[in-house]
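Hi there,

Here is the structure I promised to pass on. Please have a look, and my notes follow below.

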Amino acid sequence: MEKAKDTENTKKKEIVKNHSSSKLSVNHKEPSDESSPESDEEEELAERGRQDQSDLPSEYWQIQKLVKYLKGGNQTATIIALCSMRDFNLAQEACQFAIRDVGGLEVLINLLDTEDIKCKIGSLQILKEISKNPYIRRSIADLGGLQTMVKILTEQDKDLRCLAAETIANVAKFKRARKVVRQNNGIRMLVGLLESVKINLQHAVNDHKGIKTHSHHSYSQVELVKDIEIARCGASALWSLSKSKKNKHEMRRSGVIPLLATLLKSPHESICIPVVGTLQECASEASYRLAIRTEGMIFDLVENLRSSNDELQMHCANAIFKCAEDKDTRDLIRKFKGLDPLVKLLSNRDNKPLLAAATGAIWKCSISKENVKRFQELKAIESLVALLGDPTEEVLINTVGALAECAQEPENRASMRKSGGISPLVNLLTGTNNQLLVNTCKALAQCAQDQDNISIIERMDGVRLLWSLLKNPNTRVQASAAWAICPCIKNIRDSGETVRNFVGGLELIVSLLKSHDIEVLASVCAAIGEIAKDEENLAVITDHGVVPMLAGLTDRNDDMLRKNLTEAIAQCCKWGKNRELFGSQNAVAPLVKYLKSPNSDVHASTAKALHQLSKNPANCIVMHENGVVRLLLGMVGSTDEVLQENSAGCISNIRRLALANEKARNA
Amino acid sequence: MTTAHHITRKAVQVAIDDLCAKKVHFGKNEIEALLNIYKTITKNQDRMDRLKFRDVLHNSFDMTDDILMDRVFRAFDRDNDGYISMTEWVEGLSIFLRGTHEEKIRYAFTVYDLNGDGYISREEMFQMLKTSIIKQPSEEDPDEGIKDLVEIALKKMDKDHDSRLSFQDFHDSVLADPLLLECFGQCLPDHKRKMAFESTFKKTNTFY
């Protein structure tokens, strides 16, 4: 998923900021493993929490008294203390620390090791609540609480197992905890737990649908409610655990995918949410994406898009966002009529995470032309353009990404203009988020092919803004800006003068030929190919040494680079001594090899370059020596007119030189 | 006070019919098996005294609290004649082992209401919780801790704020938090011992 690293870093920065505030939000999202260095964070968290003694609320002391009874009481006193403790607002930090500060966590965890079911339940009820606090989680993990809870997953009592799973779900929200659970076989136990209720739930679904089953015993409503809770808590635990890559693999090996597929069909939203949450987390792995498709889960994901539950819809959209990387999945989504509900979700302006998920899903789905067509019919383009004013970065990135894909269709380029979409796009060029910049350039690259759009872009100084992006240190931004510059130069009237007026502009773009990035090189060559069509500019870039730099790139194998490089060379030949210069820079011989490439686009542009170069006799000789004639002869009969014409032209120049030599020899 | 008699087959039959009519949670075969156990304990006498009953509570269910064991006996002994008859035995076990939630709540309240006046008072709670705190910091008066615990329990469960627990208070509190059912001490068997006892009279083809 192409979420910018920047977004993740900003989230992390926000988390560090929150440490000093006394409010802790319940929905505290931590960045996924791969990008969080946790050693510094852990130290900081261990220090935190020693509150100023004077402003502790009375609850703090009352709770500490209860912990005293937990420590010194028998089972009866313990139960009374535990039940009483639950009356306090355990979401309040002061209460949580009250427990921790007098060794309450140790006692609670020790209770889990006893034989007493009631005490274990009472203890877990408290641990479940306070483990929502990140500092408490770490303490619980430090005290070996996770190992104990994993053991409880295999006990008989349903309530106990359910509470253990739910508490694990809360504690395993940081890296080390996730590892501990895996190392203690926790994942297999959780899968086992879910398997045990799966059958009962299936029967219930069948009863619900009126399908007769073969079960002998009646299944009470009370049992069903318990099993639904178990499924919810087990799935939530897996969701928390799935953020770690190794856990994703372990889960797959334990057979979690068919299990999730079954649970996904449940009519209970409380089960579906953590199931889909887990799926979308795992869908970053290609193996999961494949399995999601082959297990038929795309159908259920689309179904759940239509639910009335915002959270469920968001997770489904995110899952689709990730899965739509694959073409077959994109086709399935369309087949199951999943594009319609996605567009409908765009009206949720206030729910930003939902909006981001929906726009993301639409973005990836639009990679397929057939899907774009449906989006068109649903007037999605107009809705997307309306979102260009949204303040949320993630929403913008995805929206622009989607528009960039859709703008590959000429009709949509016009729609975008008519809904006022062009000028906001140009304005986005001044932003700082790299992914957003890349997407914006892609969108403009498409839009600039439309004559009416170009005038807007020009009027808003779009070309200069694109050119400034060439100075951006990020290579993807540079490349996408260069790609976008090409159609601008091509379609803007008097673009040559415009470009000349950018101070240092031509020098800048030529200097990018020193880049190590293939895409930057290819895109810059393409741009130079357009720039060089203006004679004055061609003179300027020649002065800046464009010829030797282009020549230096001829030894590359990349077809995209070759194609654009040869276009540039072809254009640059048309000035002064450049043909001769290319020759002396040994650019000619390598080009002959390009004709052997399997990519026919490369042939046409190479032939163009060779034709131009062949106007210089020395170049003809080199070409001839490298066996170009035979290769070009094969292309003379091509259906591609450009290729045909240039192959013929090149051959004829070579032949003319040969004839002239003959004549000179004979004279 | 009546004298004990040997148990006749007719008496057993009468008891079984009586119990079936009362809709206890046992099948006919199970009732018969339970009455056999009764006969073994009482050596075929038609009444079980307090001592013998407490032995059962201690040996089969590992109960140790004197006050509570006494109260359980009282709860079983419905006609309050100081002996548990065959019928009282099975009726009591019906709730003890297989009671519905409501039945157990009613039973527990009866046990905890030491003087049977329909309320669990502070003093009664103090009595029952007297031995519940094992470790205390040495300077503290041990009674302080118990009194405090009583206040905590009262605060938690006294819904009508009359400083004592009525049946309604107790009932509603337990419904809200099932863990509170035996909050003043164990008066029902734990799962392991319950299963063990059940296996002594249950036939394999009766339903769960």
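Which residues of chain A does UniProt list for "repeat: ARM"? The unreviewed entry gives residues 144-186, 379-421, 504-546 and 586-619 of chain A. UniProt positions are in the numbering used here, feature names are shortened, and annotations may be inferred rather than shown by experiment.

Before the rest, some ground rules. This is a predicted model, in which local features need pLDDT of at least 70 and side-chain atom pairs count only at pLDDT 80 or more, while totals for chains, interfaces and linings use all residues. Residues are numbered from 1 along each chain as its sequence is written, chains are lettered from A and ligands numbered from 1 in the order in which they are written, and side-chain values use heavy atoms, with hydrogens and water left out.

Two of the listed repeats first. Residues 144-186 of chain A are 74% helix and 0% strand, with end C-alpha atoms 13 Å apart. For residues 379-421 of chain A, the span is 70% helix and 0% strand, and the end C-alpha atoms lie 14 Å apart. Helices (H or I, at least four residues) and strands (E, at least two) are DSSP runs, numbered from the N terminus.

Now chain B. It has 10 helices and two strands, in the order α-α-α-α-α-α-β-α-α-β-α-α along the sequence. Its C-alpha trace spans about 60 × 30 × 30 Å along the principal axes. Of the 208 residues in chain B, 46% are buried (under 20% relative accessible area, 1.4 Å probe, protein chains only).

On to the interface. Chain B and chain A each put 21 residues into the contact (heavy atoms within 4.5 Å). Together they bury about 1,800 Å², 60% of it on carbon and sulfur atoms; buried area is the accessible area (1.4 Å probe) that two parts lose on being put together, summed over both. On the chain B side, B:Ile152, B:Lys156 and B:Leu179 lose the most area to chain A, together 32% of what that side buries.

There are four salt bridges between the chains (a side-chain nitrogen of Lys or Arg within 4 Å of a carboxyl oxygen of Asp or Glu). One of the pairs with a salt bridge is B:Glu182 and A:Lys118, whose closest N and O atoms are 2.5 Å apart. Helix H8 (residues 142-157) of chain B supplies seven residues, the largest share of the side that touches chain A.

Best wishes

Notes:
Buried < 20%, exposed > 50% of the residue type's maximum accessible area, 1.4 Å probe, protein only.
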